[in-house]
Amino acid sequence: MKKPDVILILVMVLCLQACNSKKQNSKDSYSPNIESPYLGQKPPGLTPIPFAPGLVSTEIYEYDGAFAHDMKAFYFVRRGEKNIKSTFYEYKYDETNGSWKKSVLASPWIGRPVISPDGTTMHLGTRYLKKTKSGWSKIQNLESPIVSNDSMYIMRLSESANSTYYFDTYKEGDSTFPIRYSRLINGKHEEPRALPKAINTGTFLSHPFIAPDESYLLFDAKRENGYGDSDIYISFKQKDGTWGNGINLGDKINTNAWEASASITPDGKYLFFSRNVGSDDYENVDIFWVDAQIIETLKLQ
């Protein structure tokens, strides 16, 4: 074999090794499209698409995606990985090299993440984390009067800018559990109250997300006028302070499958939600995103 041929083969081997190394590391650290802060993803239009295919949305179960207040971290829950029951992941942006790095925050998962409007609290249903100089604190538990009945379970809790809590109250064997709220009065949260029938109509009323200014509430439920399984609805706060009737987000968001856990990115630009794209046993659930213009469109109707 001639010397030039040996050199050429050596170069090809090195290139293959580099490519394989890149593939192995791509799921844990990768360089984003600098024109987009959303894990380097091309933003969607008015038709929902899976978020970050292969990185976040895969062939198994991913749900409850949430960006940090500064949009430099993304959190989600995944289950169905081999030999792992469930995992709570974080993608964090590294400004030094312009890449997003994936890490495990908890396994098994510790709750459905919803970040408070000021970015200081990560709500996880009946539990929460506080932001510290070194990262998130140890997990802490909500106390009375928010958590006062062992037969009820908060799947998701969302906080407004004035610290009012909105949360579901799942109860085993009772599909009529309502969505409740609790205001902060003199430094302490009041006894929770059920929201009105304009919102609490139907069954499996779950996963509320309150706008920071409390101008609207997103939630999911099963209703007679729905498209099939659980659909996502929105209720707008009226001028007199009451809540308007829940409005179905329509057939671009809702299908005959299960849609749930809607939220809006901290910058107000995109709506995130989870959708069952697999079989009846929910083996494949993906996180979808769509332009939040849909909110303004519904508000004008």
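**Pocket.** I looked up the largest pocket and found 34 lining residues, with Phe209, Pro212, Ile264, Thr265 and Pro266 nearest its centre. My note on terms: on a 1 Å grid over the protein atoms alone, a pocket is an open set of points where a 1.4 Å probe fits, with protein on both sides within 12 Å along at least five of seven lines, and lining residues have an atom within 4 Å of a point. This is a predicted model, where local features need pLDDT of at least 70 and side-chain atom pairs count only at pLDDT 80 or more, while totals for chains, interfaces and linings use all residues. Residues are numbered from 1 along each chain as its sequence is written, and side-chain values use heavy atoms, without hydrogens and water.

The volume of this pocket comes to about 510 Å³ (the space filled by probe spheres set on the points, which are joined across faces, edges and corners). By class I get 18 nonpolar, 9 polar and 7 charged lining residues (Ala, Val, Leu, Ile, Met, Phe, Trp, Tyr, Cys and Pro are nonpolar, Asp, Glu, Lys and Arg charged, and the others, Gly among them, polar). Which element gives the largest share of the lining? It is α2, with 4 residues.

**Helix α2 (293–300).** Helices here are DSSP runs of H or I with at least four residues, strands are runs of E with at least two, and both are numbered from the N terminus. I checked α2 and found Ile294, Ile295 and Leu298 buried (under 20% relative accessible area, with a 1.4 Å probe and protein chains only). Down the axis of α2, its buried residues fall within an arc of 105°, so they line one face of the helix (the arc is taken from the directions from the helix axis to the C-beta atoms).

**Sheet.** I traced an open sheet of 4 strands in the order β13-β14-β16-β19, with antiparallel pairing (two strands pair if DSSP finds at least two bridges between them). β13 and β19 are at the edges with a single partner strand each, so one side of each has no neighbour in the sheet. Tyr181 has Arg193 in β19 as its bridge partner.

Most residues other than glycine have a negative phi, and most peptide bonds are trans. Leu39, not a glycine, has a positive phi of about 55°, and Leu39 is buried at 0%. His207 in strand β20 also has a positive phi, about 50°. I noted cis peptide bonds from Ser107 to Pro108, omega near 5°, and between Ser144 and Pro145, omega about 10°.

Key
Buried < 20%, exposed > 50% of the residue type's maximum accessible area, 1.4 Å probe, protein only.
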